[in-house]
Structure formats: structure tokens, C-alpha cells
Amino acid sequence: MSMLTRTPAVIRSKVAHVRVAPSARFAHDYHHLPFALPGKNRLGFGVKVFAYLITGFSIPFVAAAYQLKKSAA
């Protein structure tokens, strides 16, 4: 029986039988960030991350403004 002739109900029933135990997801020490967050200094960390992101985001705009000002002179 080829994959094209199977009905969606048959495929759905086969997929429904494959389950992962809920505890298997938490078996490893998994973090959503590639680094550890600081313990009590979260405000300082937030300020540093905010400054880093704002600096990186503003560089193209500053460069464009500089180039426009330079070409207008």
C-alpha cells in the first residue's frame, strides 16, 4: 500500500499511537537560553541586554543618516 493511497484517518490513527512520556521532555537539564541567567542581578542584566539590542538595531539608521548628511554637503 503506497503512501498516496492511505486515507488521512489511517495516518491519523497511526500517528496517535506514537506518544512520548511527559517526563521524557524534562529528563535533561534544558534551558531556553544558551547561557545561565544571573541570580539576583536581573535588572542589571536586563539593562545590558536592552542596551546591546538597541545599539545593534540603531547602527544601520545611524550609518544611513551619516551617509545622507555626508552626500548633502
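Where in the protein is confidence lowest, and where is it highest? I looked this up before anything else. The model is predicted: local features need pLDDT of at least 70, side-chain atom pairs count only at pLDDT 80 or more, and totals for chains, interfaces and linings use all residues. Residues are numbered from 1 along each chain as its sequence is written, and side-chain values use heavy atoms, with hydrogens and water left out.

**Confidence.** I found the lowest mean, 58, in helix H2 (residues 22-25), and the highest, 94, in helix H3 (residues 42-72). These are pLDDT values, the predictor's confidence in each residue from 0 to 100. For the protein I noted a mean of 76, with 55% of residues at 70 or more. Where pLDDT is low, the predicted coordinates should not be read in detail.

**Fold.** I counted 3 helices and 0 strands, in the order α-α-α along the sequence. Helices (H or I, at least four residues) and strands (E, at least two) are DSSP runs, numbered from the N terminus.

**Surface.** I read an accessible surface of about 7300 Å², 70% of it from carbon and sulfur atoms; the method is Shrake-Rupley with a 1.4 Å probe. Of the 73 residues, 0% count as buried (buried is under 20% relative accessible area, exposed over 50%, partly exposed in between). Leu-53 has 51% relative accessibility and so counts as exposed.

**Rings.** I found 1 aromatic pair. The centres of Phe-57 and Phe-61 are 5.4 Å apart and their planes at 50 degrees, so the pair is tilted. The rule asks for centres within 6.5 Å; planes under 30 degrees apart are stacked, over 60 edge-to-face, the rest tilted. Both Phe-57 and Phe-61 are exposed.

**Record.** An unreviewed UniProt entry annotates residues 49-68 as "transmembrane region". That stretch is 100% helix, with end C-alpha atoms 30 Å apart.

Note on methods. Phe/Tyr/Trp six-rings, centres within 6.5 Å; stacked < 30°, edge-to-face > 60°. Buried < 20%, exposed > 50% of the residue type's maximum accessible area, 1.4 Å probe, protein only. UniProt positions renumbered as here; feature names shortened; annotations may be inferred.
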